[in-house]
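Subject: Structure handover

Hello,

Here is the structure I promised to pass on. Please open it and keep it beside you while you read my notes.

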Amino acid sequence: MASAATVSPVGTEKLSNLKSAVAGLNQISDDEKNGFINLVSRYLSGEAEHVEWSKILTPTDEVVVPYDSLAQISEDSEEIKKLLNKLVVLKLNGGLGTTMGCTGPKSVIEVRDGLTFLDLIVIQIENLNSKYGCNVPLLLMNSFNTHDDTLKIVEKYSNSSVEIHTFNQSQYPRLVVDDFSPLPSKGQTGKDGWYPPGHGDVFPSLKNSGKLDALLSQGKEYVFIANSDNLGAVVDMKILSHLIKNKNEYCMEVTPKTLADVKGGTLISYEGRVQLLEIAQVPDEHVNEFKSIEKFKIFNTNNLWVNLKAIKRLVEADGLKMEIIPNPKEVDGFKVLQLETAAGAAIKFFDNAIGVNVPRSRFLPVKATSDLLLVQSDLYTLDNGFVIRNVDRTNPANPSIELGPEFKKVGSFLSRFKSIPSIVELDSLKVSGDVWFGSGIILKGHVSITAKPGVKLEIPDGALLQDKVVFFLSKELFIILNVLLV
């Protein structure tokens, strides 16, 4: 793999000026200043990984292990307790709920039955701890955007049996593109001057916060890292047991791609190691091949299991040099750059790293209100904090749901449904315009509902829509077509 890593004379001058400016930013720690300069230095060096397409190999079952081949867990509760006492659960909690019209951390959006993402996570771990008499702690990695709110929110769990720890990921200054200066030095002293540098930062932040050494001193061996909005990311003892027995330092859960996941990163074997291949690394002439579900059949769920001693070793040796993701933005009229890294890209630096090809049920992210509709419907039930799929659903895939902008914010979404329709037999739903749903509605097959601009459409209580296309053009003109299924 080709890689160049020398900073040009112009780059050296830019870096020197940046160092001086960053040294004067007293809002962040020395660790953060050093981490930021290190990242910028790598970026300026043009250190880029160029994948030679002909060297890419499909991973074998030894490298990406089929979930069904993992050994069953002993039913001896003492053995299970011993196993779980080696584990800590870490949820990535840096994101805000702004895209869904909510203020504060995304993890406090109510998912179902009045319970938030965080409530469900705590209930799940409480049940594990009480069932087996173990102590699995919960770590929340916050960003400066979510830190204060999260501290207040976790107070409600003070009587819980779960030890909850919070720490912050790094806070880096946004880079002004024109003169390569930190945005806060331009007078932008508020939150807009800063950014959290992606979840690849979880490893140094775990170390810098002191949490890593504290966990190791308690005999913890593995951390299970997942996005807080992935309802399928629950503790799996078969995976944990396999990693401990086989001394795998890193494990990425992957799952079979569908056409909805074609842009997701995939695992490849490359020059004797397993590594993540992201669409941004793919040469233009191979993008369609990358997106095909014939050659690249799996994608990264961002459920990661990592050995704590290995994290310590690699962070201390500055051995985690993940691909840099440049993220350009505009803030207050300034063109700025955010340099970020992803935790999944770290896989190639760990020894004996593997993927596990898990069932799709372990990937149930809620990124939009269309996902919220799925998990609030009769397609799922709640059991001890776990979101369980309805066995009456015979299609292994979930329905595809497309809701118009009127449904984008959680408050608007909830107000437009008297109750969430039954969708166990639904294949696809497309809603556009000012549409309101009554209670007890059943949707089956392929359903499309359109209200013309300026027209309000109310679907009556108890309506059954099966393979229907509904156009509501005015109060007088209402067209219902049966879908012709070929």
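Five bridges join S2 to strand S5 (residues 138-142), and the two run parallel. Strands are DSSP runs of E with at least two residues, helices are DSSP runs of H or I with at least four, and both are numbered from the N terminus. Two strands pair if DSSP finds at least two bridges between them. Valine 89 has leucine 138 in S5 as its bridge partner.

Before you go on, note that this is a predicted model: local features need pLDDT of at least 70, side-chain atom pairs count only at pLDDT 80 or more, and totals for chains, interfaces and linings use all residues. Residues are numbered from 1 along each chain as its sequence is written, and side-chain values use heavy atoms, with hydrogens and water left out.

Back to S2. Six bridges join S2 to strand S11 (residues 222-227), again in parallel. Here lysine 91 stands opposite alanine 226. S11 is also joined to S15, by four bridges, and this pair runs antiparallel. Isoleucine 225 has leucine 304 in S15 as its bridge partner.

These strands belong to an open sheet of eight, in the order S1-S18-S12-S15-S11-S2-S5-S6, with mixed pairing. S1 and strand S6 (164-168) are the edge strands, and each pairs on one side only. On average, neighbouring strands of this sheet are turned by 25° against each other, direction ignored. Axes are lines fitted to C-alpha atoms, for helices over the stretch in contact, and angles run from 0 to 180 degrees between N-to-C directions.

How many of the seven residues of S2 are buried? Seven of the seven are, so S2 is largely enclosed by the rest of the structure. Buried means under 20% relative accessible area, exposed means over 50%, and partly exposed is in between (1.4 Å probe, protein chains only). In a regular strand the side chains alternate between the two faces of the sheet. In S2, Leu87, Val89, Lys91 and Asn93 point one way, while Val88, Leu90 and Leu92 point the other way.

Next, a second sheet. Four strands form an open, antiparallel sheet in the order S9-S8-S17-S16. Its edge strands are S9 (181-182) and S16 (325-331). Two bridges join S8 (residues 175-176) to S17 (residues 334-340). Valine 176 in this pair has valine 336 as its bridge partner. Helix H2 (residues 30-44) lies across S8, S16 and S17, at about 100° to S17.

There is also a hairpin of S19 and S20, with two residues between the strands. Asparagine 384 takes a positive phi near 55° there. Four bridges join S19 (residues 380-383) to S20 (residues 386-389). Tyrosine 380 stands opposite arginine 389.

A cavity is a set of points on a 1 Å grid over the protein atoms alone where a 1.4 Å probe fits but cannot get out; a pocket is an open set with protein on both sides within 12 Å along at least five of seven lines; lining residues have an atom within 4 Å of a point. Grid points are joined across faces, edges and corners, and a volume is the space filled by probe spheres set on the points.

The largest pocket has a volume of about 1400 Å³. Of the 46 residues that line it, the closest to its centre are Gly95, Gly198, His199, Asn227 and Lys367. S15 gives the most to this lining, with four residues.

The structure holds one cavity of 30 Å³ or more. About 60 Å³ of space lies in the largest cavity. Its lining includes Lys91, Asn227 and Leu231. Helix H4 (residues 117-132) gives the largest share of that lining, four residues.

Last, two single residues. Is serine 370 buried or exposed? Serine 370 is buried, with a relative accessible area of 16%. Serine 370 lies in helix H11 (residues 369-376). Leaving aside neighbours within four places in sequence, serine 370 is in contact (heavy atoms within 4.5 Å) with Ile401 and Leu403. Threonine 58, in the loop between H2 and strand S1 (64-66), counts as exposed at 59% relative accessibility.

Best wishes
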